[in-house]
Amino acid sequence: MADFFGNVAERYAHWVIRWRWLLVFATVIGAVAIGSGAQNLSFTSDYRVFFSKENPQLNAYESLQDIYTKTDNIVFVLKPNDGLVMTQKWLDVTQKLTVESWQIPYSIRVDSVTNFQNTVAEEDDLIVADLVENALSLSESQINRIIATAQNEPALADRIISPDNTTTAIQVTLQLPPDDMIALNSAVEYAEKMAAEIQAEHPELRVAITGLAPLSNAFPRASMLDMQTLTPIMFGIIIVALIGFLRSFSGTIATLIVTILSTITAMGFAGYMGVKLTPPSAMAPTIILTIAIADCVHILVSMFHEMRAGRTKHQAIIESIRINMQPVFLTSFTTIIGFMSLNFSDAPPFNDLGNMAAVGVAAAWLYSILFLPAFIAIIPVRVKQVKTDKIEAMDRIGNFVVANRTKLLVSMSVIAIGMSSLISTIELDDRFVEYFDDSIPFRVDSDFARENLSGIYQVEFSINGEDSGGISEPVYLQNLDKFAIWLRAQPGVVHVNSLTDVLKRLSKSMHGDAEKWYLLPDDRELAAQYLLLYELSLPYGLDLNSQINVDKSASRMTVTLDNVTSGEMRSLADRSQQWLLSNAPAHMVAEGSGAAVMFAHIAHRNIQSMLIGTLVAFLLISGSMIIALRSVRIGLISLIPNLVPAAMAFGLWGVLYGQIGLASSMVAATTLGLIVDASVHFLSKYVRARRERGATAEEAVRYSFRTVGKALLVTTAVLFLGFAVLSQSAFQVNSDLGLLTAITIAIALVVDFLLLPPLLMLLDRKKSYTSSPLAAPQAAE
Amino acid sequence: MLNTHLRTLILSSIAVTSLSLPVLANTSPSEKGAEIAKEWDARDKGFGDSSANLEMVLENRHGEKSTRVLRIKTLEMPDSNVGDKSLTIFSKPRDIKGTAFLSFAQILEPDDQWLYLPALKRVKKISSKNKSGPFVGSEFSYEDLSAQELKKYNYKWLNDEACGELQCSVLEQTPAYENSGYTKMIVWYDTAEYRQQKIDYYDRKGALLKTLKFTEYRQYLSKFWRAHNMYMVNHQTGKKTRLVYSDYAFQTGLKGSDLTKRKLSKVR
């Protein structure tokens, strides 16, 4: 059977050499044709892209935004370094910026300390006016009154103005068309220009820009930054590694062309499929570059080996294709399965990454067996004599492993179990500000805003009244007030925006501003009429529609949090719901939602969805191992080196870093497809020695080390470096994924070298394989 | 007050002459715009007073609806430098039933407004410079619904074009008063009867905010046209509001002495 494959591969290799010119041109033209689709690629600029249409947290948040107004916003945070912001000068600047903010494209609402609609009673008049007018002509006592009003107003204190009066914010609400990068960009860039102009005019003023629109805008910026910095680094590493390992200029050029063609093909495919690039899918080129070289290296190494043994170049190519056809296909196949399993993820950017990487790996395989041999057949190739010191080193490792197999088995088992058990120290955490490193201004500005005034992590509740107009019902308002009080007492809560504060203020203003009337109306009609009166007095854009639904049957409660962990955020959302369940009428029970809540659940949800994906990938990959090795026993033994590394890597991560987010759900499936390659090569050599040479387990282990040890070391090193490059990404999900994958790959090699051989010598004691009907020479080389 | 911007007075005698309105060959666009607006204003003069029932249907992006019902009485002020007086009495939703709203329109100054709150049994004067916010949560602002006095805007004729089955003059109107929510409005007047057919509202950054369409025009006293269906769509938020007028009555004998702050607490 193997001979049959070998014959087919040999005939195929002859065909490739015969048509080499045609194949080189055809593959390049084909790759460029597919690659032209890449011009359709664009970056996405909506944080919602990380959530599938079925995501329950996304749907909860979308329906909340449908009821009230959208929550995409831009927040300017102003802090003069000469002290108070509540001065003539800075209030004037704030006022001007407030007015100018209405010019930001897609803005529908602007809230600041200056345009706050303050209510004042004068006899029977209700005066509703901006809190700050003509800032430059304010007297000291007027400013002090403004400060007192602002600090006593729950809607302003800790949200728009800091308790020490040094920092203020201008909140701009946007109504953006969905996933329209140009629209988003125009709004954010307009705001950035405004900030730059003010900063130029007043160098003593720090202006930070945060909010959900700058968040969305940070994703394409991070993607572009990654592609601009990481891809060139990856190229550099590949070139150095190839020259060092292959010691062949022609081989390096050929391999580079294959990797580039593979990447172009994958990006073109993505373009035709309408993929929008996100930071995860923007990793695809780097990943494909890394993986694509493995196929070429295996084919080239065999070819150079044959040439050194005295064969002509064409003979060497044919022989290399014959012995590599199957393993190259198998390793590509398992890698594709691993990446395809990302389609089970609930985060669409990872579906895209999986599909793009899978296409890239498939293309790399195709170009390795079509373009590479044809191209090598054309260009001149010189082979240098390589010293054999590394092979001797591998022999020594082999001898060491055989000699110390019991010690290794025990110690490696203890280490593997010990490290794996540390998985429990990992805490899942996805804070979207922390997704970006300090090279992205959004991160720096958001940290600044949070440290000086207020964060952008919010939990929102839409709380239903009993009926139409039910928000005016005294029982509803009292419960809402108790809920607000309870929320304000929770750890990590910075600010709570509640309808009850509006009604209390109105009640006070309707009673000559008497402090004792700062309370909730005890009559439904009275509350409704207060609101009607207030609504009739409000200017454009500052209405109550952002807080009350059209039917006046529900109101919105917005809770702003400090830099709490995802776990604390989930806990707060859960406890809030629990509080409502046990303290409020059933109709008032609501679920907390918001962008921060969506991200707080993203890792858990993806781990759930990826569990199935990982299981499917595991079954398919293990099945193909058993078929390829033609041994159920060896196939089953291979499960251990294939499964253990990811578990150990997670344990190590738990000790080193403790926290991980979304990336964690993807690592097991993707690394499985990669690390299995090393065990395929090691085991196929082992099985070959056992079957063809009648070797004992010990001899077969030594044979494996000698023949394939060095190649595994090099391919592992390249993979490790490739993913280590990703760990430099400005986007934390990528850097976590990169680093964790790199660690897993390194551990996998250690396990393949130090745990797998002792296991084989323990579990595969059968004297000889020669009686096996499948004992034909293996193609896997 | 809520419908006076609809008043498109048609004096039949003028109607005849209007068809041959002196359109000077070399009038500037702003003169021509002012002419058309003047004609629109003139055709609604003399209606005296009117009353009508109004149903407002608010609709959010999801299609969820909410209804308000109110009755409006309007008293025309013959002096063109004094705005009309109007009284609005809410009947639905029931929480604001009996709430009465009195407004004396001004030309360039903020309107004088009082609200009677039955639950508080008090009349409150609303003192606010800026009433460009939504009226009872709808897509109509008070600004859209208040008396559209001729002198509140500067006019510029843009072009004539077909509007449905009619021919329309298209005018650009910019608010002459402070604190408007709009930078401009584009208004379509049909050339047959000088009725407003459509208005596009542009927000402070010059972006299209809302479109109002007038339909079901009916003529009263053989002169005065009133649209019975007005549909406002907010292009930015996707929210909509429909106004449906019914039971129009004209010259009911409403007097200035009926529309005072003192009488406000006694209206039903």
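Two residues are taken to be in contact if their C-beta atoms, placed from the backbone, lie within 7 Å. By that criterion, among contacts in chain B between residues at least 6 apart in sequence, 51% join residues at least 24 apart. This is a predicted model, in which local features need pLDDT of at least 70 and side-chain atom pairs count only at pLDDT 80 or more, whereas totals for chains, interfaces and linings use all residues. Residues are numbered from 1 along each chain as its sequence is written, while chains are lettered from A and ligands numbered from 1 in the order in which they are written.

**Chain B**
- Four helices and 13 strands are assigned in chain B, these being DSSP runs numbered from the N terminus (helices H or I, at least four residues; strands E, at least two).
- Of its 268 residues, 44% are buried, a residue being buried if 20 or more other C-beta atoms, placed from the backbone, lie within 10 Å of its own.

**Chain A**
- Chain A contains 25 helices and 13 strands, and its C-alpha trace spans about 105 × 50 × 45 Å along the principal axes.
- Buried residues account for 56% of the 781 residues of chain A.
- Among contacts in chain A between residues at least 6 apart in sequence, 81% link residues at least 24 apart.

**Helix 15 of chain A**
- Helix 15 (residues 441–452) of chain A has 12 residues and reaches 16 Å from first to last C-alpha, close to the 16 Å expected at 1.5 Å a residue, where the expected span is 1.5 Å times one less than the number of residues.
- Buried residues in helix 15 of chain A include Phe442(A), Arg443(A), Asp445(A), Ser446(A), Ala449(A) and Arg450(A).
- Among the elements covering these buried residues are strand 2 (73–80), strand 7 (205–210) and helix 7 (212–246) of chain A.

Technical notes
Buried ≥ 20, exposed ≤ 12 C-beta atoms within 10 Å, placed from the backbone.
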